[in-house]
Structure formats: C-alpha cells, structure tokens
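Trainee: I'd like to learn how to read pockets and ligand contacts in a model. Can you walk me through one?

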Amino acid sequence: MITVHHLNNSRSQRILWLLEELEVPYEIKRYERTAEQRAPKELLEISPLGKSPVISDGSVTLAESGAIVEYLISKYGNGKFQAPASGPGYLQNLYYSHYAEGSLMPLLVQKIIFNIVPQKTPFLIRPLANLIFNNLNKQLLLPEFEKHFALIESHLGTVKTGWFADGEEPTAADFQMAFPLEGIVTAAPDMATPKMIEYVDRVQSRPAYKRAIEKGGQYAYAKM
Ligand SMILES: N[C@@H](CCC(=O)N[C@@H](CS)C(=O)NCC(=O)O)C(=O)O
C-alpha cells in the first residue's frame, strides 16, 4: 500500500490527484502546517528535508514531487499519462515537468518571501522595508513574471488538447504545472492570464481531481 505523507495546502495535492487518476489504492498520513506555515517536525522523521510530498511504497521512500510523479506513472500507469517517447510531445513534457519546480516555483516562492519580509520587519523600520521590497518587486520580479506568464500563455495557446504535452490525457508536466498555476489563479488573480484560468478549470473539473480534494482536506488553491 502506498502512503502519501500529505501536508495541508501543499504540493502533495499533486500526488493525490495523480493517484486518483491512476486508481491505485493509497492511504494518506496527514501533517498540519505550523502557525509559521512550516511543515511540522514529524516530517523530518520520514525524509531528511522534512518537506511534503513524500511517499512510502513498500521499501521505497521518495520525496520531491517531480520524482514521485515520474515514479508513479512509470510503476502504476500501464502506459497511462505517459508522454510520447520522442517528438514535440516528448520535449514539451520533459521541459514543463522540470520547469514547474526548477524555474516557476522558485519565482513564486521569492514573491511570497518579498511579501513576508516587510510584514516581519520591526514596526519602526517597516516603511523602509516596504519601500525596498516594493522596489525589488517592481525591478526584479515583475519583469520575470511577465516573461514566464507570456511563455505559459503562448504555450497553452498552441496546444490543441489543452494539456502541456498536447496529448489526449495529462502527463507528468500537467501534474507538475497544475500547482503553480492554481497558486497564481487563486492568490494573484489579477496577474493570471486567460489560458491559465482555463487550464486550472480544466484540471479542477476532472472527477479524479475532485476526489483528491475531498480526500486531501484543506487546500487553499481549489475553487471548489
Ligand atoms: N521541490 C519540492 C518542494 C517541496 C516543498 O517545499 N514542499 C512544501 C509544501 S508545498 C513544504 O513542505 N513546506 C513546508 C516547509 O518547508 O516547512 C517538491 O516539489 O516536492
């Protein structure tokens, strides 16, 4: 039996969605974020970085959502959700399944940190921190966001099926990309582009996705 070490409001929702799509039996071990929004220390007993998701499957314990997605599709997919072995679909799946955690998520996390730092700054110097971080936002992050969002909008505009590798079914790239796009659509709706919004609707309307939300509990990025 697979166990998903699942943190509320987190990337491990990706894994629940995939397992529901695969219709593989699994159990959820729940962890609640602390008041500081960190993972509780119990997760450190499962995996050295103490982050979620982590799965246990027999003697295998695996962290890192991209690795888990690839492992589950290759072990339990029976060909389902498999990207083509070559051609444009292969390259698109390869690129976006790495881009999600390698480039897009670090940018979103940077944005969250830039918002938090002024709030945590002592009251008397908070106006200065606000000024500095507003400028950093404008000068560093905004131009980056514009490039990333134009890339995503343009790619989603070219895929006929609506999935990142343009197949009839989602692939690893979609299980990876859904989370940051849900984050943008719900936490920064004024920045979300039309194709991102359509994409998130496409994901969230799938029966397996809805089952994953019911089983996973608190998830701030679902519109349901
Ligand atoms: N790149 C890793 C990131 C894992 C990660 O940062 N998980 C977050 C949840 S979305 C976490 O556990 N945060 C709590 C903490 O860092 O204390 C992955 O994709 O699995």
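This is a predicted model: local features need pLDDT of at least 70, side-chain atom pairs count only at pLDDT 80 or more; totals for chains, interfaces and linings use all residues.

Trainee: Okay, then which helices each supply at least two residues of the lining of the largest pocket?

Mentor: Lining residues are those with an atom within 4 Å of a pocket point. Two helices pass that test of at least two residues each: helix 3, spanning 87–120, and helix 5, spanning 172–187. Helix 3 gives the most, with ten residues.

Trainee: What volume does the largest pocket have, and how many residues line it?

Mentor: Its volume is about 1,500 Å³. The lining counts 43 residues, and those nearest the centre of the pocket are R11, R33, M105, V109 and I112.

Trainee: How does that lining divide by residue class?

Mentor: Into 23 nonpolar, nine polar and eleven charged residues.

Trainee: Now the ligand. Which space does the ligand take?

Mentor: The rule is that a molecule sits in a pocket if more than half of its atoms lie within 2 Å of the pocket's grid points. In this model, the space the ligand takes is the largest pocket.

Trainee: How many residues surround the ligand, and which are the closest?

Mentor: For a shell like this, a residue counts if one of its heavy atoms lies within 4 Å of the molecule. There are 13 residues around the ligand, with A39, K51, S52, E64 and S65 the closest. By class, the shell has three nonpolar, three polar and seven charged residues.

Trainee: You mentioned S52. What is the peptide bond from S52 to P53, cis or trans?

Mentor: For this one, read omega. The bond from S52 to P53 is cis, with omega near 10°. P53 belongs to the loop between strand 2 (26–31) and strand 3 (54–57). That loop between strand 2 and strand 3 also holds Q37, a residue other than glycine whose phi is positive, near 70°.

Trainee: Last one: how many cavities of 30 Å³ or more turn up in the whole structure?

Mentor: A cavity, unlike an open pocket, is a set of points where a 1.4 Å probe fits but cannot get out. The search finds one of 30 Å³ or more, and the largest cavity has a volume of about 40 Å³. Its lining includes Q13, R14, W17 and Y219. Helix 1 (12–22) and helix 5 each supply at least two residues, and helix 5 has the largest share, with four. By class, the lining of the largest cavity comes to six nonpolar, one polar and two charged residues.

Conventions
Residues are numbered from 1 along each chain as its sequence is written. Side-chain values use heavy atoms; hydrogens and water are left out. On a 1 Å grid over the protein atoms alone, a cavity is a set of points where a 1.4 Å probe fits but cannot get out, and a pocket is an open set with protein on both sides within 12 Å along at least five of seven lines; lining residues have an atom within 4 Å of a point. Ala, Val, Leu, Ile, Met, Phe, Trp, Tyr, Cys and Pro count as nonpolar, Asp, Glu, Lys and Arg as charged, and the others, Gly among them, as polar. Grid points are joined across faces, edges and corners, and a volume is the space filled by probe spheres set on the points.
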